[in-house]
Amino acid sequence: MADMQVDVAIIGAGPAGVAAGIGAREAGAEDVLVLERDWDLGGILQQCIHPGFGLHAFKEELTGPEYMHRWIERAHKAGVAFLTNSMVFKMESDGSLWVMNPEKGVFHVTAKATVLAMGCRERPLGAINVPGSRPSGIFTAGTAQRFVNMEGYMPGHRTVILGSGDIGLIMARRLVWEGARVEGVFELMPWAGGLRRNIAQCLNDYGIPFYLSQTVIQVHGRDRLEGVTVAGVDEKRRPVAGTERYIACDCLLLAVGLIPENELSRMAGVDIHAATGGPVLNEFYQTSRPSIFAAGNVVIVYDLADWVSQEGVAAGRNAALYAAGILEKPVRRIEVRGGRNVRLFSPQNIVGSGDVTVYFRVLRPIEKRCRIFAEPGLFERRQRYVRPGEMNEIHLKGAALQALPETVTTITLDAEEV
Ligand SMILES: Cc1cc2nc3c(=O)[nH]c(=O)nc-3n(C[C@H](O)[C@H](O)[C@H](O)COP(=O)(O)OP(=O)(O)OC[C@H]3O[C@@H](n4cnc5c(N)ncnc54)[C@H](O)[C@@H]3O)c2cc1C
C-alpha cells in the first residue's frame with residue numbers, strides 16, 4: 001500500500017480517539033484518520049456492558065457500548081475515517097507512524113499532527129510480588145471482564161478480588177450475577193481505590209465483604225488455583241503476623257491499578273511524567289514534541305469516560321489547529337506542581353493566554369470539609385470530601401494567570417482539611 005498523508009492521525013479508537021477525530025474535523029481538518037488495532041471501534045468500552053456512562057455527556061445513563069455507539073455515529077457523520085485491524089508499531093519523533101494491517105501489510109502514515117489515544121492497561125501480578133506458584137485462575141479484572149462480557153467464559157466460580165479499583169468492583173457484581181461466589185474484595189490501603197458509588201452499588205448491594213488494609217500474601221495450587229492466604233497489613237503495608245487466613249477459591253482477580261500505555265510515545269521521544277506515566281502536556285494537550293498531542297487514559301487515568309471524551313474533542317481540535325498552523329503560540333511557561341496531597345495531575349505546563357482546566361487526584365482521602373486550591377491565590381473551592389478514586393478539576397482564569405508577576409514560574413495544587 002502507498003504511504004498515506006493526512007492532516008491529523010489518531011492512534012486508538014476508544015472514547016478519547018473517537019472524540020479527538022470529531023474535534024479535529026469540527027475544527028476544519030480535511031483528512032482525519034483514526035488507526036485502531038482491534039477489529040472494532042470503541043476501545044475498552046466495548047466490554048463495559050454495565051450502565052454508568054453518559055451522565056455528563058448525554059444527561060442519560062448508558063452502557064459502555066451504547067455510549068460509544070453515539071460517539072461513533074457522530075464521528076462518521078463528521079467525516080472521520082477509521083482503519084481497524086491496524087496496529088501502530090512505531091512512531092517517529094515528527095509523529096509519523098508505521099502501521100501493520102493484515103490486508104494492507106505495513107504502511108507509513110505522515111500527519112501534520114498526531115494524537116495519542118492508546119488508553120491504559122492493567123497492572124499484572126508480576127508487578128505486585130505475591131509469593132507462591134502461578135497456577136491458572138489468576139486474571140486481571142479487565143481480562144475477566146472481556147471473558148465474561150464478550151467471549152462468554154467464566155473465569156471461576158469462587159473468587160477473591162485483590163485491589164478495589166473500579167474494574168474489580170464492577171466485576172465482583174458481574175460474577176455474582178453469573179452465579180459465582182465472591183469471597184471478598186481485599187484492599188492493601190486503608191481506603192478504597194474505586195468510586196464510592198461502585199462500593200455501594202457493586203459490593204454493599206450484593207453483600208460482598210470489603211476488607212481494607214488487607215492483602216493476599218500467598219497463592220496456593222499447582223496447576224489450578226486452590227486458594228489464597230490473606231493477612232492484615234500495618235501502616236507500612238507489611239503483613240501483620242497472626243492475622244493470616246486461608247480462603248479456598250479457584251479464581252483470583254487483580255484490580256491493582258492501571259498504567260498509561262506509552263511505548264509508542266517513548267519511541268518518539270515524548271517526555272513522560274514520572275507520576276502519571278503519561279506524556280507531559282500543556283493545556284493544548286500538546287506533548288514535548290509539538291506536532292504530537294495526547295488525550296484520555298494514555299495521559300492520566302480518568303474516573304469517568306465522559307471526561308475522556310470531553311478531553312478527546314479538545315485535543316483533536318488543537319491538533320487540527322496546529323496542522324493548519326493556527327494554534328496559539330506560547331506566551332509564557334508556567335509549570336504546574338502537585339502539593340503534599342496531590343500526585344497525579346494534568347496538564348503539567350500552562351503556555352497560552354486562555355482559561356485552563358487542571359485535573360488532579362489526591363494521595364489520601366479527606367473525609368471532612370476540605371479546600372482544594374491553586375497557589376499563589378489563583379483558585380479555591382470548599383467541598384465535603386476528596387478521595388483518591390475520584391478526579392478533581394479546577395478552572396484557572398487566563399486573565400489571573402497572565403496577571404501573575406513574571407517571577408512566578410510555578411503554581412501548586414493541593415487539597416487540605418479545613
Ligand atoms: C481493562 C479495563 C477495563 C475498564 N473497565 C471500565 C469500566 O468498567 N468502567 C469505566 O468507566 N471505565 C473502565 N475502564 C477505564 C476506561 O479505560 C476509560 O474509561 C476509557 O475507556 C478510556 O478511554 P481511552 O480512549 O483513553 O482508552 P481505551 O478505551 O483503552 O482505548 C484505547 C484504544 O487504543 C487502541 N490502541 C492502543 N494501542 C494501539 C496501537 N499501538 N495501535 C492501534 N491502536 C491502539 C486500543 O486497542 C483501544 O481501542 C477500564 C479500563 C481498562 C484498562
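Two strands pair if DSSP finds at least two bridges between them. Strands here are DSSP runs of E, at least two residues, and helices are runs of H or I, at least four, both numbered from the N terminus.

This is a predicted model, where local features need pLDDT of at least 70, side-chain atom pairs count only at pLDDT 80 or more, and totals for chains, interfaces and linings use all residues. Residues are numbered from 1 along each chain as its sequence is written, and side-chain values use heavy atoms, with hydrogens and water left out.

Strand 7, residues 97–101, is antiparallel to strand 8, with 5 bridges. A hairpin of 3 residues links strands 7 and 8. V99 sits opposite F107. Strand 19, residues 292–294, runs parallel to strand 8 through 3 bridges. V115 pairs with F293.

Now the ligand. How many residues surround the ligand? The count is 33, and the closest are A16, E36, H50, V88 and N297. Near means a heavy atom within 4 Å. By class, the shell has 20 nonpolar, 10 polar and 3 charged residues.

Next, atom pairs. A polar side-chain atom of E36 is 2.6 Å from a ligand oxygen. For I44, a backbone N or O atom is 3.0 Å from a ligand oxygen. For A117, a polar backbone atom is 3.5 Å from a ligand oxygen. Alone, the ligand exposes 970 Å², and the protein buries 93% of that (Shrake-Rupley, 1.4 Å probe).

Terms used. A polar contact is a pair of N or O atoms within 3.5 Å; within protein, one must be able to donate a hydrogen and the other to accept it, and residues adjacent in sequence count only if both atoms are side-chain atoms. Ala, Val, Leu, Ile, Met, Phe, Trp, Tyr, Cys and Pro count as nonpolar, Asp, Glu, Lys and Arg as charged, and the others, Gly among them, as polar.
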